[in-house]
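Visitor: I would like to go through the aromatic side chains of this model. Could we look at it together?

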Amino acid sequence: MSTEKAVSARRNGVGARAARREDSRHLAGRGCFVADMRLPGLREVAFVRSQAAHGRIRAVTVPGADREAVWTAARLAPFAEPLTATSTLDGFRAAPLPNLAADKVRYVGEPIALAIAASRAEAEDVAGRVGVDIEPLPAVVGFDSALASDAPTVHDDWPDNIYATTSGEVGDVDAAARESAVSVTREYTMHRQAVVPLETRGVMAQYNRSADELTVWSSTQTPHMIRDMIALQLGMEARRVRVIAPDMGGGFGAKCSVYPEEITLAAIATQVDHPVRWVEDRWEAQVSSTQARDHRHRVTAHAAADGTLLGVEADILVNGGAYSVHPWTATMDATMASAMIPGPYRLRNYRFRTRSLASNKTPSGPYRGVARPAAAFTIERTIDELAHELGMEPYEMRIRNMVRSEDMPYVSVANKVYDSGDYPEAVRRATALIEHDKWRERQRALPASARTRIGIGYGSFTEQTAHGCIEWAARGLAVTIGTEGARLAMDATGSFSLGVGIKSHGQGSETTLSQVVSEVFDVDLDHITVSHGDTAMTPRGDGTFASRTMVMAGGATHGAALALAGKVKRIGAVLLDEPVKDLILRDHAVVGRKGSVTYARLAKEFLFTPDHVPGIEAGLEATYYYRPDVQTGAFTYATQVAVVEVDLDTGAVGILDYGAVEDCGTVVNPLIVDGQITGGIAQGIGNALLEEIVHDADGQPKSTSFLDYLLPGATEVPQLKIEHMATPSPHTAFGIKGAGEGGAIPVPAAIANAVRDALREYGTEVNETPMTPERVWTALQLSRPDAEPEEQAALEVTR
């Protein structure tokens with residue numbers, strides 16, 4: 001099947017390389033973020049946060065002079081309930097997430113109290129005078145400590161530290177093992193990361209007594225969900241709660257959970273006579289915003305002599321931190337990993353077990369890719385290990401085992417419906433993109449005396465995007481997600497206003513959704529206003545996450561545009577005295593065989609003098625709610641390839657070349673998709689080489705500033721080669737698939753495979769991220785055949 005699709009003929013429609021409309025305000029400094037907003041009488045909030053990872057609160061003392069300015073759990077309790085994330089998974093253990101800790105603290109950064117003052121500095125002074133007496137308890141930190149038979153429990157009423165266990169088997173893995181020519185067993189670890197959006201979280205709340213309305217401004221990806229949960233936790237009718245998400249400086253998943261700070265400030269605003277605001281500082285962002293990754297997978301895979309993948313068995317551990325966050329729960333990563341480890345391969349024998357663990361770390365939540373970077377790391381590293389054992393080029397083994405275009409739609413061994421694509425072709429194009437054979441020649445030409453080595457590594461993946469209710473339900477979510485709304489109106493000047501329930505926070509959605517409107521009406525994008533992030537002004541939507549925005553909100557926008565276009569044509573038919581079937585929408589006008597009428601004239605005529613247009617019902621707007629008929633998602637896929645240079649003396653890894661061949665279906669805006677891929681790869685490089693939240697044995701985080709938490713910059717991100725395939729999904733409007741997360745998913749796998757390839761002559765494996773110089777150097781020394789036993793033991797301790 002062809003993987004190319006012609007873009008629309010509309011100059012501003014689907015496929016146009018339109019410049020991002022949002023940039024005109026952001027690059028000029030005219031954006032308005034939570035921290036920029038000013039309200040009369042606004043007072044600032046500083047939280048008192050736990051400095052202990054685990055302990056019992058013996059007392060919280062507030063000086064008498066500060067009593068009115070300080071809120072503790074006891075003072076807050078009558079006005080707000082704690083939120084408990086629930087799941088339908090068998091045996092799931094729930095625990096309330098306190099708004100303010102009352103009896104026990106379970107991670108460094110957990111809020112205990114808050115102080116209110118005229119400025120943040122004064123609020124911090126008041127917070128500093130609050131006394132917190134905590135009896136330290138042993139901390140549960142890593143996988144082994146959480147699973148130990150004598151481990152302390154994070155939640156006192158639990159028998160152990162496991163939120164939930166899931167398992168499954170399809171086919172016969174044991175038979176696959178017996179039939180195999182080669183089997184490998186490996187353990188892979190992806191350490192914990194912070195999410196680090198440029199803008200930290202922020203919340204502001206004001207209660208308008210005359211209107212009986214609580215308004216909350218929050219830097220959130222899910223304003224309607226926040227509105228509903230605030231109403232429920234405060235015992236208010238949702239009609240009295242309005243949530244506004246203003247401009248946002250990124251989210252990447254950290255801003256799509258419901259946080260205690262949002263509930264707390266909302267409750268306090270109803271009890272005071274002034275608005276309150278909290279803006280997260282960077283230390284708080286590193287310890288109190290949800291964190292991610294923290295996986296350990298043990299996998300055994302079996303292959304035939306010709307490279308056919310016969311069976312895979314995976315044991316998946318995920319450290320979910322101290323609490324489940326709403327609505328995703330602490331099982332989100334583990335269940336996603338088990339579904340995605342089979343990847344793009346024709347695997348028929350698969351067995352898995354997942355365990356989601358509680359610990360005295362910050363709660364885990366969504367982060368760009370959600371478990372798929374770890375799943376791709378596991379299967380892609382394992383494919384390379386099998387290929388090495390069989391003496392095959394790893395990319396050839398991928399091509400041999402991948403789902404083919406003629407197999408589509410394909411039901412994976414994890415019961416995921418791959419809708420369309422040509423997975424092997426993406427690998428072939430990736431090899432050409434970086435000129436694989438030339439790098440192999442350069443690799444072989446390196447003299448034995450050289451102190452660097454070159455390696456080539458591939459990472460492939462499938463990504464389930466924009467999945468519907470049945471998929472969320474299958475993963476145990478008590479709140480299922482699967483629809484999105486859009487409202488499109490034409491005003492008396494013939495311009496358009498679109499309201500959508502999603503929240504754009506850097507993806508360029510104001511531009512791409514305008515392109516969908518233009519695809520139907522053929523108008524300049526400057527004549528379209530896109531409103532989002534305000535629950536009082538937009539139709540209900542689930543929010544922006546899971547690479548769903550363009551599929552879901554784009555589909556809703558298209559439905560609303562088609563409905564409005566039908567009415568505009570009927571009005572035009574009356575004004576032009578021509579049949580509707582003879583009319584088209586072109587260049588800001590309704591055009592017929594005999595004449596045309598501009599949208600401006602049509603709208604003015606219809607809205608000002610409706611008696612001139614008899615027989616047409618009033619109103620020039622349409623609302624549409626979209627849900628794909630097939631709810632298993634649209635599957636984006638890609639192959640990325642890295643060429644690296646490894647310094648044998650230091651373990652430092654440098655990227656010499658990097659290519660990505662991706663297919664997100666019909667590309668709405670190539671400029672924006674390239675930006676999404678580039679940004680995703682940059683974050684993936686951080687995941688692969690730099691970023692890690694390090695904890696000591698007492699659960700103290702040691703990576704709480706940018707001095708000790710490293711992010712990729714211009715010198716770490718190489719010039720990227722990006723190539724697009726475009727296989728439309730048969731299930732979505734325009735054939736669109738999600739593109740927001742794919743760039744980040746295979747990067748750690750591709751880089752790790754390249755490092756392994758570079759050091760293959762030494763037998764060195766790299767099975768942890770980030771692949772810091774110390775880890776790579778240590779792995780290289782451990783693989784030396786001449787290392788003394790004492791030296792090996794010392795290196796293992798260092799590792």
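**Aromatic contacts**

Guide: Let us begin with Tyr-599, which counts as buried because its relative accessibility is 1%. Please note that this is a predicted model.

Visitor: Which ring pairs with Tyr-599, and at what angle are the planes?

Guide: The partner is Phe-521. The ring centres lie 5.9 Å apart and the planes meet at 85 degrees, so the pair is edge-to-face; planes over 60 degrees apart fall in that class.

Visitor: Where in the chain do Phe-521 and Tyr-599 sit?

Guide: Phe-521 belongs to helix H15 (residues 509–521) and Tyr-599 to helix H17 (residues 599–608). The pair links distant parts of the chain, 78 residues apart.

Visitor: And Phe-521, buried or exposed?

Guide: Phe-521 has 0% relative accessibility and therefore counts as buried.

Visitor: How many aromatic pairs are there in the structure?

Guide: There are 17 aromatic pairs. One of them joins Tyr-410 and Tyr-418, with ring centres 6.1 Å apart and planes at 35 degrees, so this pair is tilted. Tyr-410 and Tyr-418 are both buried.

Visitor: Which residues form a cluster with Tyr-410 and Tyr-418?

Guide: Tyr-423, Phe-635 and Tyr-637 are linked with Tyr-410 and Tyr-418 into a cluster through ring pairs.

Visitor: Changing topic: which ring has Arg-201 over its face?

Guide: That ring is Tyr-259, with Arg-201 at 3.6 Å from the ring centre.

Visitor: What about Arg-93?

Guide: Its charged end sits over the ring of Trp-158, at 6.0 Å from the centre of that ring.

How values were computed:
Residues numbered from 1 in each chain as written. Predicted model: local features only at pLDDT ≥ 70, side-chain atom pairs only at ≥ 80, totals over all residues. Heavy atoms only, no water. Phe/Tyr/Trp six-rings, centres within 6.5 Å; stacked < 30°, edge-to-face > 60°. Buried < 20%, exposed > 50% of the residue type's maximum accessible area, 1.4 Å probe, protein only. Helix = DSSP H or I, 4+ residues; strand = E, 2+ residues; numbered from the N terminus. Lys NZ or Arg CZ within 6 Å of the ring centre and 35° of its normal.
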